[in-house]
Every structure is written in C-alpha cells, then in structure tokens.
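Work through the exercises below with the sequence and the model open. Each task is followed by a solution in steps.

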Amino acid sequence: MNAGPRKATARDLLAGHPNAVYGVDWSKDGKLIASASLDNTVKLWEPVSGKQLARLPGHGDGVSSVAFSPNGKTLISGSLDRSIKIWNIGTQSLVKTIDAHAGFVWSLAWSPDGKTFVSGGYDNTAKTWTPDGSMVTRFSPGKQPILAVATSPDSRWYVAGSKDSNAYVLVPGQAQPRLTLSGHTAAVEGVVVSPDSKTIITASQDKTLRTWEAKSGRPLSTIEGHTRYIQCLAISPNGRLIASGGNSGSIRLWNAATGVLRATLEGHANTVYALAFAPDNRRLVSASFDRTVKLWNVETGRRITADS
C-alpha cells in the first residue's frame, strides 16, 4: 500500500519516511520519539533538533504501531506482517521477533509498571505479553478486529476497542470482559484511560468521542465535533487535554473535564493515524497517511517546524 502524493507544506521537523506513517510514541523521559511506517521501518528521533537517531528495519510489511517501555530501555513495534519486534533502545538492535497474531498487529500499549504489554490484532484477539515476549493471556471479546488498546494506570486492567463498535474492559486471569462499553455505532478506533483511572475515553468512526465511568461502565458524555471518522486518540499525562485525529486530517484538542473544544490543529493532508503527548504536556506528535510526522505546541496550536 502506498500513500498518495505528498502535499507541499512547511518543512516538518521530523522528516524522512517515504510512505504513510501509522504509529508514533513519545518516550516517558521526553528524549525520544518513535515513528512506525508503511515503509517497513521504525525511526527514532530527537524531538528538539529533529535529528533522526536510528532507522530500524526488519519488518516484512508496514509497521502499524510502536510503544516505549516505561523505563525507556525497550521499544516494541507491531506490523502488518503479524509480528511484534522487541528493540533495545541503547544498542538500537533487535532483541526478539514474536509471531504474535494471525492477522495484522494493529495496536500496542505497555502497562505503567512495565511488567506486561498488550497487543490488538486483526485476528480478533487482544493479548498480553511479558517484556521478553512470552504470551500471558489471550482474549477474543467481540469476534472482530481489535483496533486500539490502553492500560489502566494501576496496571491491573486494560481496554480494547473493537471493530464491532464496542470497547471492552479486560482483566488478565478473567475469562470474560469485566465491562462492555456499548454506545458507539461504528468501529472504536481509539481508547485511553484518565491518569486517575476513573474515566475511559473512546473514539469511533461514528465521528464521536464518548466518556465512561471506569468502575461501572456507565456512559458519562458524548463529545461531537468531528465531521469525518475518528482514527486515533491520546490523553495528556496530566489528564487535562484529549487529542483526537481522523480522516479529515485535522486534530482536535478537547478539555478533558468539560468536553469543550479547545483548538483545531490543521496541517495534515490525509488521515491522522496516531497521536502522542510529550511528558511535559505542552507538545503533541502526530502521524499521518500523508507520510509526515508533525510536532505541535498545544498551548499555541501551532506546528513546530524546521523553520520555527
């Protein structure tokens, strides 16, 4: 699969992928950004200078997702080749390849305690793994692809967003979902959990975000404003901002407490597939089908470019 022609734009600080970028993450110490692309590679970047620090090839198909471990020593990448790769950040080398799913690996997330990570796949399963790549649990909650995963701050449960329009709260060791969050009318493409563990936020191709009480699954609010389907979701480390991106190429910033739109960030020429906040809560990184990775100052709503 190839992205369409690149639209002329101001010089992006993080430039270099020749194909669509599907995944992005920001290390917990703020020193690194990782991007995942349909060019079959992962790239590591220094977020201030924009310098490319490493190119990590090895996947046999496009790379869909990346996630830094909480201690910053390990990076995992998931691919359309159905594998997960574990990388050593210090040596910039491959540690292990896991034959992870029977379909595309579409989403990844680490537990905050660093003891497990979770993957979602097009084989309709969500799986948890030890840091060395041994599978711990396997769920198939909705009989449809798992498009998004997120872990709770206490590392005791996680959320899986499904193509079947539901999100599921899953607890390792329990055979059935603890909660099924029903209300969306199309695929759930994004899930996040608030830092205080009290609220789950979901985003869907039905163009809405929904918030839920994490303990009971009770729906709290529906947030509208996107004109086309939503593809990704992120929450700031302090829990004050939610970012959502989608098919229109725009990114919306929302007040997490009120659901009020704070800003709309324009600059991408195609679908925004992934978002991640910096640990300082002030910057956001976005990845798009337009082949670009863009940095944003969320306080001003402006892009951070090579000319800034």
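**Exercise 1: Ser-107**

Ser-107 is found in strand E9, residues 105-110; strands (E, at least two residues) and helices (H or I, at least four) are DSSP runs numbered from the N terminus. This is a predicted model, in which local features need pLDDT of at least 70 and side-chain atom pairs count only at pLDDT 80 or more, while totals for chains, interfaces and linings use all residues. Residues are numbered from 1 along each chain as its sequence is written, and side-chain values use heavy atoms, with hydrogens and water left out.

Task: decide whether Ser-107 is buried or exposed, and list what Ser-107 touches.

Step 1. Buried means under 20% relative accessible area, exposed means over 50%, and partly exposed lies in between (1.4 Å probe, protein chains only).
Step 2. Ser-107 has a relative accessible area of 7%, so Ser-107 is buried.
Step 3. Contact means heavy atoms within 4.5 Å. Leaving aside residues up to four places away in sequence, Ser-107 touches Ser-65, Val-118, Ser-119, Gly-120, Ile-146, Leu-147, Ala-148 and Val-149.

**Exercise 2: Arg-283**

Task: find the strand that holds Arg-283, then describe the surroundings of Arg-283.

Step 1. Arg-283 is in strand E26.
Step 2. The relative accessible area of Arg-283 is 19%, so this residue counts as buried.
Step 3. Among the residues that Arg-283 touches, not counting those up to four places away in sequence, are Trp-26, Pro-47, Phe-277, Trp-296 and Ile-304.
Step 4. The side chain of Arg-283 also makes a polar contact with the side chain of Asp-280, at 3.0 Å. A polar contact is a pair of N or O atoms within 3.5 Å; within protein, one must be able to donate a hydrogen and the other to accept it, and residues adjacent in sequence count only if both atoms are side-chain atoms.

**Exercise 3: Aromatic pairs**

Task: how many aromatic pairs does a search of the whole structure find?

Step 1. Rings of Phe, Tyr and Trp (its six-membered ring) pair if their centres lie within 6.5 Å; planes under 30 degrees apart count as stacked, over 60 as edge-to-face and the rest as tilted.
Step 2. The search finds 9 aromatic pairs.
Step 3. Tyr-22 and Phe-289 form a tilted pair, 6.3 Å centre to centre with 35° between the planes.
Step 4. This pair links distant parts of the chain, 267 residues apart: Tyr-22 is in strand E1 (residues 21-26), and Phe-289 is in the loop between strand E26 (283-288) and strand E27 (293-297).
Step 5. Tyr-22 is buried at 7% relative accessibility, and Phe-289 is buried at 14%.
Step 6. Trp-110 and Phe-117 have ring centres 5.2 Å apart and planes at 55°, so their pair is tilted.

**Exercise 4: Nonpolar cores**

Task: which residues have the most contacts inside the largest nonpolar core?

Step 1. A nonpolar core is a set of buried Ala, Val, Leu, Ile, Met, Phe, Trp, Tyr and Cys residues joined through side-chain atoms within 4.5 Å.
Step 2. The largest core has 15 residues, and those with the most contacts inside it are Trp-157, Val-159, Val-169, Leu-181, Val-191, Val-193 and Ile-200.
Step 3. Strands E13 (146-151), E15 (167-170), E16 (179-181) and E17 (188-193) each supply at least two residues of this core. The largest share, 3 residues, comes from E17.
Step 4. A second, separate core of 14 residues includes Leu-14, Val-21, Trp-45 and Ala-278.
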